[in-house]
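Here are some notes to go with the coordinates you are about to open.

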Amino acid sequence: MDRGLGLYVHWPFCQAKCPYCDFNSHVAASVDQSRWQEAFLNEIARVREDVGPRKLSSMFFGGGTPSLMAAETVARTIEAAKDAWTPADDIEITLEANPTSVEADRFRSYAKAGVNRLSLGIQSLRDSDLIALGRLHTAVEAVAAYDIARSTFPRVSFDLIYARQNQAAAEWETELSEALELAADHVSLYQLTIEPGTAFGDRHAAGRLQGLPDENHSLDMFNITQDMTEAAGLPAYEVSNHARPGQESRHNLVYWRSGNWAGIGPGAHGRLTVNGLRIATECHSMPASWLDAVESTGNGYSRQYVVSEDDARIEAVMAGLRLAEGVPAYLLAEYNNINRLMDFGLLEHVSGFVRTTRLGRPLLDAILREILA
Amino acid sequence: MTDLSHIRNFSIVAHIDHGKSTLADRLIQMTGTMAERDMKEQVLDAMDIERERGITIKANTVRIEYPATDGQTYILNLIDTPGHVDFGYEVSRSMQAVEGSLLVVDASQGVEAQTLANAYQAIDADHEIVPVLNKIDLPASDTGRVSTQIEEVIGIDATDAIQISAKTGEGVPELLEAIVRRLPAPRGDADAPLKAMLVDSRYDPYLGVVVMIRVVDGKIRKGDQIVMMQTGARYRIDRLAVLKPEMADAAELGPGEIGVLTASIKQVRDTRVGDTITHERNPTREPLSGFKPSQPVVFCGLFPVDNGEFEALRDAIGKLALNDASFTSEMETSAALGFGFRCGFLGLLHLEVVRDRIEREYDIELITTAPSVIYHVHMRDGSMLELHNPADMPDPANIDHVGEPRIRATILVPDDYLGDVLKLCHDRRGVQEELSYAGSRAVVTYDLPLNEVVFDFHDRLKSVTKGYASFDYQLAGYQMDHLVKMQVLVNEEPVDALSMMVHRDRAEARGRAMCEKLKELIPRHMFKIPIQAAIGGRIIARETLSALRKDVTAKCYGGDATRKRKLLDKQKAGKRKMRQFGKVDIPQEAFIDALKMGE
């Protein structure tokens, strides 16, 4: 079944590095937009050679902060991808943006370039928390940018981070209801995760990051989130993603349903089925090395390998169980501890799919260890 | 053959770290026995583990030629003996092969528990003893005080103690002279039928079994047909040599001489230490009295962490047993741990050494279960069962009483820490037998159950005395006590590898401590897990490990697939080190760490 190809484009630059972020992002004094544009176009041409003609179902500009890209760069990249492959009639093209006024000024030209879905990193509706999270915008500014986005793009989503320092469940309830008032048809609600190698990670290791919720508290907030989004008509379709039915991020569904996607730009990963083999691709992760590799060798990949059938199935289970719909039951046929997890009420079997229950979803990592490790 | 009057045979006895191996090095070096370029530290300790731990495990010997000031050249045979209590039995039999001992005491430390234990063995063997005060180069050395201690605590005259620094060589020439003048020459009859003592044997991968012998009467030559009198086994001598300390061929060895022979003997078990070697033709009529073989006293299970390594473990244990007749093993199956071996050791150090060697030389990761002693389970029908493994405990209804091995422990400790030591011994069900003083040091003797000592007594002793106490023990027979088998149940299922024998009065405290410890050691699962200790059907302690409630990655997109899969591989590796018990995964370290009693 050809569900089409998703194309991920990584823009690795930010104005500032957020203390919680462990993505491949870098702060650069200046970026030569035309060199990067050229490099993206070359990569699209090269990947087209590798994978042949396909239906292009989605594109996603992620980062970093892709709303720092010149509109021209975005436009030419979209154009090149649409020329390389056959764009689906309903192609979804998402761009991640920061909600500052400077970036909001570019929204119109992004829309003109072909972006039809914006994902806005609002993160919090409380100014004190925005400061703690290292964000460069205020809540008022974010809402203003959101309003502009709503009037510019057919589809808009935004991200919030919760389970923050010293956040009471009741406070999150209030903030989330405000957010759901704003929400159009999609929100991403992430619990704050302390990742090693980030500023928060270092502070946490040194014992200087206080007030993080304990397990019970974070479970309470997770459950509140499930209930409130469901009541608002935006139920969770993935662990942290909520949408009105039909408004899910199609591009991200490609990952969770283990479809085909190409990844270009520093550190981008891809999974492509070519001649019946599942190929994993990885790009050079440092921006300068990637650019250099593309310019000097015509290839931004640092690594390409065949994913074994077993590993492909493991990846499919790990990603697929994040979805509310779960994974096709046959993927789990050989794991004999599934029944036990069903007995515990953590997994359930529904019309050919195995999925997590409400009880199981917040325990997904433990469930995956149980099944796969 | 060397004339008896020109031979001196001796051993060095000392507490650990008092400089025994350094002194042996210096004697070898200063007499030119070994070329300077071949010298390394502790030349007589052949195994890496011996060098690393600073201990001697197997007896070793070296033949030194020493031109004395009287113009004559003497043959000095030094037998280096194991210093540790676990190998005390080897010390005693090695001492039967020599006539004298150098009693080495660190002049900055003084007499310690092993000094005492080993000195008594030398006295028992009728040795002439030369006290040697070592480390006189250290500012902290106090020869006057230590001499007095030797006289007061051990009861031998220390007026003529030789003062040396094995490190710098100072005093070593005087010591060599004292060996010749003060130690007796061996006695023996060169014309009598051959009578030689089998002192020790070791397995060499190239030579097969190498047997260390001491000739008492007669002469032994290469090519001789010999008989081991206890086993009746007959061999032809392939090679006869003395150790310098490398093997140097010898045409013949006469009375008083010490050397080694090879005779196509396949394994160490084929030789019996203390056996008498004589000629097939014209044998001696009076064999030596011989020794009883050493018996393992501590038992534990060794299981491979990775069940797939069972065959490799079997192979490793087989190879180690080739060289170590005191180490026993038999296959064991545990519901929790799979296939492994129940092994017997001379003591805890012996256990650690064997375990280290398997892990290091054979690269097999091991799970070690709780060390146990041999209980005498007296049944109502009058029979007696030797219980090596608490898991095999018979139905208590059929048991009349249980006896446990006890030890006589000697502890030397500075006065300041005496209270802590007495408390520790009391907590371990000890009965004080004697308490005396040597200066500011207390010498305390306790009667203790061996099972209270085998696990972490030595570590605790070191910790409560900041390392200032020294400890030695002798086995002291069996005594009946109220011993019961305590089981641990994890998620309602008994975990056989955690079963242990405990005293009835202490079972509850022990059970509680164990449950608390396991609660820390077992990772949380997706369901709550009761952890219980039980005697028979009665629960005596209980803890509950709460269920995991939330564990999910917030963000996971296309770039995370590879990373997540790698993480899973790590988790798989971690899980291999766990033992699945019912529905519960128990980390392997839990099987040992759960027993540590702490404060």
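How many helices and strands does chain A have? Chain A has 14 helices and 17 strands. Please keep in mind throughout that this is a predicted model.

1. **Chain A overall.** Chain A has 373 residues, and 58% of them count as buried. If you take the contacts in chain A between residues at least 6 apart in sequence, 68% of them join residues at least 24 apart. The accessible surface of this chain is about 14,900 Å², with 49% of that belonging to carbon and sulfur atoms.

2. **A buried proline in a loop.** Have a look at A:P266, in the loop between β11 (260–264) and β12 (269–274) of chain A. Its relative accessible area is 1%, so A:P266 counts as buried. Leaving aside residues up to four places away in sequence, A:P266 touches A:H10, A:P12, A:N24, A:W36, A:H284, A:S285, A:M286, A:P287 and A:W290.

3. **A salt bridge in chain A.** Over all chains, the structure holds 51 salt bridges. In one of them, the side chains of A:D129 and A:R164 meet at 3.1 Å, N to O. A:D129 belongs to helix α5 (residues 127–132) of chain A and A:R164 to the loop between β7 (155–162) and α7 (169–182), so this pair ties together parts that are 35 residues apart in sequence. Are the two partners buried or exposed? A:D129 counts as buried at 17% relative accessibility, and A:R164 is buried at 3%.

4. Another salt bridge in chain B joins B:D356 and B:R355, with the closest N and O atoms 3.9 Å apart. B:D356 is buried, with a relative accessible area of 14%, whereas B:R355 counts as partly exposed at 23%. Elsewhere, B:E404, B:R406, B:R429, B:D447, B:E452 and B:D481 are joined into one network by salt bridges that share partners.

5. **A negative patch.** Which residues gather in a patch of negative charge on the surface? They are B:E151, B:E152, B:D157 and B:D160. Of these, B:E152 sits in helix α5 (residues 143–154) of chain B and counts as exposed, at 54% relative accessibility.

6. **A mostly covered helix.** In helix α1 (residues 20–30) of chain B, eight of the 11 residues are buried. These are B:K20, B:S21, B:L23, B:A24, B:D25, B:R26, B:L27 and B:I28. Their cover includes β1 (7–14), β2, β3 (73–80), β4 (100–106) and α6 (172–182) of chain B. After α1(B) comes B:G32, with a positive phi near 70 degrees.

7. **Two cis peptide bonds.** Between A:G63 and A:G64 the peptide bond is cis, with omega about 20 degrees. A:G64 falls in the loop between β4 (55–63) and α2 (71–84) of chain A. In chain B, the bond from B:K244 to B:P245 is cis too, with omega near -10 degrees. B:P245 is in the loop between β12 (239–243) and β13 (247–249) of chain B.

8. **Positive phi away from glycine.** A:N166 is not a glycine, yet its phi is positive, about 55 degrees. A:N166 lies in the loop between β7 and α7 of chain A, and is exposed with a relative accessible area of 60%. B:S264, also not a glycine, has a positive phi of about 50 degrees. B:S264 is in the loop between β15 and β16 (276–279) of chain B, and is exposed with a relative accessible area of 53%.

Terms used. Residues numbered from 1 in each chain as written. Chains lettered and ligands numbered in written order. Predicted model: local features only at pLDDT ≥ 70, side-chain atom pairs only at ≥ 80, totals over all residues. Heavy atoms only, no water. Patch = residues over 30% accessible without salt bridge, like charges linked within 9 Å, V, L, I, M, F, W, Y side chains within 5 Å. Areas by Shrake-Rupley, 256 points an atom, 1.4 Å probe, with all protein chains shown as cover. Salt bridge = Lys/Arg side-chain N within 4 Å of Asp/Glu carboxyl O. Lys, Arg positive; Asp, Glu negative; His and termini not counted. Charge placed at Lys NZ, Arg CZ, Asp CG, Glu CD. Helix = DSSP H or I, 4+ residues; strand = E, 2+ residues; numbered from the N terminus. Buried < 20%, exposed > 50% of the residue type's maximum accessible area, 1.4 Å probe, protein only. Contact = heavy atoms within 4.5 Å.
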